[in-house]
Amino acid sequence: ITIDFPTLGSKAALRLRDFDAVTELTIMDYQLLGLSSGKPRLHSVGLPPNLEILTMPGRVSEDEEILDLLEYMIENKDVLARKWRILEVEGDEEGLPARIREACEKAGLQVMGFER
């Protein structure tokens with residue numbers, strides 16, 4: 001499934017954790033880590049519980065607050081999406097901020113690069 005919408009946040013945010021059958025998801029970092037009151041925050045969307053592959057097209061933001069939230073999501077993958085095993089990012093894994101690469105290693109996530 002690919003979500004092509006600027007943000008998932010609203011009064012009735014799309015709750016991805018309700019999508020039990022989704023194993024592959026393509027989503028931009030700013031869709032999960034949107035802006036509210038001028039600060040990034042993790043939307044109340046969760047991740048599909050059976051997610052195996054999360055693809056993030058475009059470069060992952062270098063914004064410290066967004067990186068904090070992404071790192072938190074990776075560190076808590078056992079709660080958010082226990083089967084999550086691959087994070088695909090555009091370019092190569094070297095384009096991913098070092099702290100996110102380290103969080104992926106600790107969490108047992110394989111980072112794979114791809115070209116558009």
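The chain has 4 helices and 6 strands; helices (H or I, at least four residues) and strands (E, at least two) are DSSP runs, numbered from the N terminus. This is a predicted model, where local features need pLDDT of at least 70 and side-chain atom pairs count only at pLDDT 80 or more, while totals for chains, interfaces and linings use all residues. Residues are numbered from 1 along each chain as its sequence is written, and side-chain values use heavy atoms, with hydrogens and water left out.

Along the sequence, the pattern reads β-α-β-β-β-α-α-β-α-β.

Next, the inside. Of the 116 residues in the chain, 41% are buried. Buried means under 20% relative accessible area, exposed means over 50%, and partly exposed is in between (1.4 Å probe, protein chains only).

The largest nonpolar core has 22 residues. Such a core is a set of buried Ala, Val, Leu, Ile, Met, Phe, Trp, Tyr and Cys residues joined through side-chain atoms within 4.5 Å. L54, I74, W84 and L87 have the most contacts inside this core. The elements giving two or more residues to this core are β4 (53-56), α2 (64-75), β5 (86-90) and α4. The largest share, 4 residues, comes from α2.

E105 sits in helix α4, residues 98-107. Is E105 buried or exposed? E105 is exposed, because its relative accessible area is 64%.

E62 is in the loop between β4 and α2. With a relative accessible area of 54%, E62 counts as exposed. E62 and L96 are 34 residues apart along the chain, and their C-alpha atoms are separated by 8.9 Å.
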